[in-house]
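Trainee: Could you walk me through this model before I start on it myself?
Mentor: Gladly; have it open beside you and ask as we go.

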Amino acid sequence: SEPILRISDLSTRFFTKSGQVNAVESLSVSIDEGEIFGIVGESGSGKSVLARSIIGLIESPGQITGGKIEYRNAPLADEFRDAHPDAVNGDYVDLRSLPEEAVRSLRGPSFSMIFQDPESSFNPTLTVGEQIAEAVEVQRRASSNPRSTKARTSSSEYSLGSYAYGAVMPNRSFVSSKSKDRAIELLQQVGIPDPEERVDEYPHEYSGGMLQRAMIAQALAGEPDILIADEPTTALDVTIQAQVLNLLREIQDETGMTVLLITHNLGVIARMCDRVGVMYAGEVVERGTLSDIFDTPVHPYTKGLLGSIPDLDTTGGRLQPIDGNVPSLMDEEMGDRCYFADRCPKAMEQCLEEPDDASVDGGTDHEVKCVLAQTEYDESQALGDSHFGGGD
Ligand code: SF4
Ligand code: MG
C-alpha cells in the first residue's frame, strides 16, 4: 500500500549569526501505515529538527528550504483544498504548500507529537483534565463538521498542544461534561490511577512519568493517524521508561495508529520498531527492517554504533561514543561528500564524492548511503548476526 507519510528531499536550515546550519539535508523517507518507524542518531544528527519539520513547527531562524512533506488522506477542509490546489496530489497533501492555519487544522486529527519534556508541554495554570478536554473539544468540532475550517481553527481558544508548540497560552475555556468524561477515559487508557480525581489536578501534582502519560493522552485526543514521539522516555527513569514504551505499543496495537519514534537509544529501537532509519549529519544513511539494521548492518556508522554496544540489556542500549564528532553541519563544511568520511575507518578517495542511496541484497527495502554498500553488506553477512548483539 501507499505510505501514509512521504518525505522527499527535505532540507531544513538555520540561518544563524555564525553561519548557515544544514540540520536536515535532502532527506527522503516513507512511513507505512500502522508501522512503528524508528529514527536513531546521536545528538546533533538533526533528528529533532526532522520531527519538528514534519509537523510544520520550524521557527525562525530555522526554515524548511526544500522538499515535500506529504500526508495521505489528511482531513484537509475543502476551503483549504480549493485555495491551495498545489498542495494536493491525489490522496496526498503537502504541508509545505499550505499556510500555517491549514497545517494547524491537521495537528490533532492527522498527526500529533509528544516530546521529551512533558512539563513544558502543559500550561501550569490549567488542570491536566482541562487541557485534555480542550483537545477533545477541538476534535469534536472538527468531526461534527469535517469539511469546515471553522470547526477546527476559528475558535480562539484552540490550544491542542499549542502550549508545547510555543504558541498562545490557551484561555480557560468552557469544557463540556462530555469532553471531561472523554478526558477521564483517555487518562484511564494511558494508565493514570484514579482518573476521576486526577483529571482535576494541575501538572505540578503529577510525577514525571504520569505527566508523560497525560501528554500521550492529550496527543491521542484528536485520534491522530500518526503519532510522532521525540525521545518520549529519555527524561524518565528506566522502570518508568519501560512502562511508557509498553503503553505506546499497546495503544499502537489497539488503534493501528502509525508511530514515528525518534531516539538516540538503540535499545528502544530494538524493542519497539518495525523499520529503522539511521540518521547522521542531517541524512538517513541507512534504513531497513529491524533485522536488516541489527543483523546485517551495512553503513560503517551503523556498524560502529552496534559494535560498540556489547549488550543492549545491560547498557540500556545507549549509543556509545565512537571516535570523532558529528560534523557541525555548517555550510562550508558540507558539500558533495560522505559526511562520515572524517570518522570512517574505510574512508578513501571516492568518498569525497557524495554517495548515492544504494539498495543491498537481502532486505526488501534496505538502503544505504555508502560507496562500499555491497562490500560492507557481504562482510556483515559473512560475520553473522551474533557479532552485532542482535535485535529481535
Ligand atoms: Fe565510509 Fe566512504 Fe562509506 Fe562514507 S562512503 S561511510 S567514508 S566508506
Ligand atoms: Mg533531540
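**Notes on the model**

Mentor: Let me begin with Pro-3, which is placed in the segment before S1 (helices, H or I with at least four residues, and strands, E with at least two, are DSSP runs numbered from the N terminus). Bear in mind that this is a predicted model, in which local features need pLDDT of at least 70 and side-chain atom pairs count only at pLDDT 80 or more, while totals for chains, interfaces and linings use all residues. Residues are numbered from 1 along each chain as its sequence is written, chains are lettered from A and ligands numbered from 1 in the order in which they are written, and side-chain values use heavy atoms, with hydrogens and water left out.

Trainee: Is Pro-3 buried or exposed?
Mentor: Pro-3 counts as buried, at 13% relative accessibility; buried means under 20% relative accessible area, exposed over 50%, and partly exposed in between, with a 1.4 Å probe and protein chains only.

Trainee: And what is Pro-3 in contact with, leaving aside neighbours within four places in sequence?
Mentor: Taking contact as heavy atoms within 4.5 Å, Pro-3 is in contact with Ser-30, Ile-31, Asp-32, Arg-72 and Tyr-92, once those neighbours are left aside.

Trainee: What about the largest nonpolar core, how many residues has it?
Mentor: The largest nonpolar core has 99 residues, and those with the most contacts inside it are Leu-5, Ile-54, Tyr-71, Leu-187, Ile-216 and Ile-228; such a core is a set of buried Ala, Val, Leu, Ile, Met, Phe, Trp, Tyr and Cys residues joined through side-chain atoms within 4.5 Å. Helix H8 (residues 208-220) gives the largest share of this core, eight residues. Apart from it lies another core of seven residues, including Val-298, Val-368, Cys-370 and Ala-373.

Trainee: Now polar residues: where is Thr-12, and which side chain does it pair with?
Mentor: Thr-12 is in strand S1 (residues 5-16) and counts as buried, at 0% relative accessibility. A polar contact of 2.9 Å joins the side chains of Thr-12 and Ser-53, the term being a pair of N or O atoms within 3.5 Å, where within protein one must be able to donate a hydrogen and the other to accept it, and residues adjacent in sequence count only if both atoms are side-chain atoms.

Trainee: And Glu-231, where is that found?
Mentor: Glu-231 is in the loop between strand S8 (226-230) and helix H9 (238-255), and is buried with a relative accessible area of 7%. The side chain of Glu-231 makes a polar contact with the side chain of His-264 (3.0 Å).

Trainee: Last topic, H14: which of its residues are buried?
Mentor: In helix H14 (residues 373-383), Ala-373, Glu-376, Tyr-377 and Ser-380 are buried. They cover an arc of only 105 degrees around the axis, so they lie on the same side of H14; the arc is that of the directions from the helix axis to the C-beta atoms.

Trainee: What covers those buried residues?
Mentor: The cover for the buried residues of H14 includes helix H11 (290-295), helix H12 (300-307), strand S12 (357-359) and strand S13 (367-369).
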